[in-house]
Amino acid sequence: MIRKFKISDVNKVMSIWLDSNIDAHSFVPAGYWRDNFEYAEKQIKNAEIYVYEKCGETAGFIGLSGNYIEGLFVKKEYRSLGIGTALIDFVKHKKKELSLNVYCQNEKAVKFYIKNGFEIKEKLDLKPADEYVMAWEK
């Protein structure tokens, strides 16, 4: 089930955010994510967030700022079960276009977004790692 974020979800969502970033981005020091935890937590409280629940447990979430996907995170034990695709499809029904940035080295994520209809529009040379700008339109 996908539902709108409630403030009571913040601890579970932030735990998924931290664990997923550390796990998926081995090329970025784990301290980077820990150092940005408080900032991300403040941003999450102000973003448009949708939570995926499976058997009463928070399994993942997607965060938006307008048409920009700030992040899509799925708890490790629930990956490759269609949860990420379900979250993407959910927001595709709400928006006419979507964009996001993804680390170039996160090949699994890049392939996932391409599989879900996103195209690489640009490559950015950024710190802590290079990113692709990707977009989707109805």
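**View 1. Strand β5 paired with strand β7 in the predicted model.** Strand β5 (residues 97–103) and strand β7 run antiparallel and are joined by seven bridges, where helices (H or I, at least four residues) and strands (E, at least two) are DSSP runs numbered from the N terminus, and two strands count as paired if DSSP finds at least two bridges between them. Within this pairing, N101 has V133 of β7 as its bridge partner. This is a predicted model, in which local features need pLDDT of at least 70 and side-chain atom pairs count only at pLDDT 80 or more, whereas totals for chains, interfaces and linings use all residues. Residues are numbered from 1 along each chain as its sequence is written, and side-chain values use heavy atoms, with hydrogens and water left out.

View 2. Strand β6 (residues 119–124) is antiparallel to strand β7 (residues 131–137), and five bridges join the two. L124 has E131 of β7 as its bridge partner, while E122 stands opposite V133 in β7.

**View 3. Burial of strand β7.** Of the seven residues of β7, five are buried, so the strand is largely enclosed by the rest of the structure; buried here means under 20% relative accessible area, exposed means over 50%, and partly exposed lies in between (1.4 Å probe, protein chains only). In a regular strand the side chains alternate between the two faces of the sheet.

View 4. E41 belongs to helix α3, which covers residues 37–46. E41 is buried yet has no salt bridge, and the nearest side chain of opposite charge, that of K45, is 4.7 Å away. A salt bridge requires a side-chain nitrogen of Lys or Arg within 4 Å of a carboxyl oxygen of Asp or Glu; for charge, Lys and Arg count as positive and Asp and Glu as negative, with His and the chain ends not counted. Leaving aside residues up to four places away in sequence, E41 touches V10, N11 and M14, a contact being heavy atoms within 4.5 Å.

**View 5. The elements around these close-ups.** The protein has five helices and seven strands, which follow one another from the N terminus in the order β-α-α-α-β-β-β-α-β-α-β-β. Buried residues make up 43% of its 138 residues.
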